[in-house]
Amino acid sequence: MLLLPRAVRIHLAAEPVDMRKSIDGLFVHVQRVLVADTYSGHLFVFVSKRRDKVKVLAWDGGGFLLLYKRLEAGRFRMPDVADDATSVQLDSTQLAMLLDGIDVSRVRRPVRWQPPGQAAEAQDTTARR
């Protein structure tokens, strides 16, 4: 399991990316297509057209980190993506499931418990909308 701080966002590119791209090519892709700050410390995840390869790009303060995984059998399961979206935001659990080949779109999370005061405030906020 990946343990990342909540402040770290994980952006999964909606469209497949040429896996021949190295750090520099993915850097340009993040800036031009995803329109995001590559130096933010967030993770940028790219899947190949055949969905059998994944690359993760991140800035760690002193340089870029590139993680690469190739499946010998099977395919990575992509979550549902809106037609006009360039990326999908994942949490660390969803990224771990994606890398393990679990279909994230079929997984349902239970409703999270909230303290009584916060649960009432959340209901008031949704009722006002």
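Which side chains meet in a salt bridge at 3.5 Å, N to O? I went looking, and the pair is lysine 53 and aspartate 52. A reminder to myself before going on: this is a predicted model.

**Entry 1: salt bridges**

I searched for salt bridges and got four in the structure. Having started with lysine 53, I stayed with its partner, aspartate 52. Aspartate 52 also forms a salt bridge with arginine 50, where the closest N and O atoms are 2.8 Å apart. That puts Arg50, Asp52 and Lys53 together in a network of salt bridges.

Is aspartate 52 buried or exposed? Its relative accessible area is 5%, so I noted aspartate 52 as buried. Arginine 50 comes out at 53%, so this one goes down as exposed. I like that contrast: the bridge joins arginine 50 to aspartate 52, with the arginine exposed and the aspartate buried.

I then looked at another of the salt bridges. Arginine 20 pairs with aspartate 18, and their closest N and O atoms are 2.8 Å apart. Arginine 20 is exposed, at 74% relative accessibility. Aspartate 18 has a relative accessible area of 35%, so I wrote it down as partly exposed.

**Entry 2: aromatic rings**

How many aromatic pairs does a search of the whole structure find? I got five. I began with phenylalanine 27 and phenylalanine 64, whose ring centres are 5.6 Å apart. Why is this pair edge-to-face? The planes stand at 80°, and over 60 degrees counts as edge-to-face.

Phenylalanine 27 belongs to helix α1, residues 23–32, while phenylalanine 64 belongs to strand β4, residues 64–70. They are 37 residues apart, so I noted that this pair links distant parts of the chain.

Phenylalanine 64 turned up again, this time with tryptophan 59. This aromatic pair is edge-to-face too, at 4.9 Å centre to centre and 65° between the planes.

Accessibility came next. Phenylalanine 27 counts as buried, at 18% relative accessibility, because the cut-off for buried is under 20%. Phenylalanine 64 is partly exposed, with a relative accessible area of 24%. For tryptophan 59 I also wrote down 24%, partly exposed.

Definitions and conventions. Residues are numbered from 1 along each chain as its sequence is written. This is a predicted model: local features need pLDDT of at least 70, side-chain atom pairs count only at pLDDT 80 or more; totals for chains, interfaces and linings use all residues. Side-chain values use heavy atoms; hydrogens and water are left out. Rings of Phe, Tyr and Trp (its six-membered ring) pair if their centres lie within 6.5 Å; planes under 30 degrees apart count as stacked, over 60 as edge-to-face and the rest as tilted. Helices (H or I, at least four residues) and strands (E, at least two) are DSSP runs, numbered from the N terminus. Buried means under 20% relative accessible area, exposed over 50%, partly exposed in between (1.4 Å probe, protein chains only).
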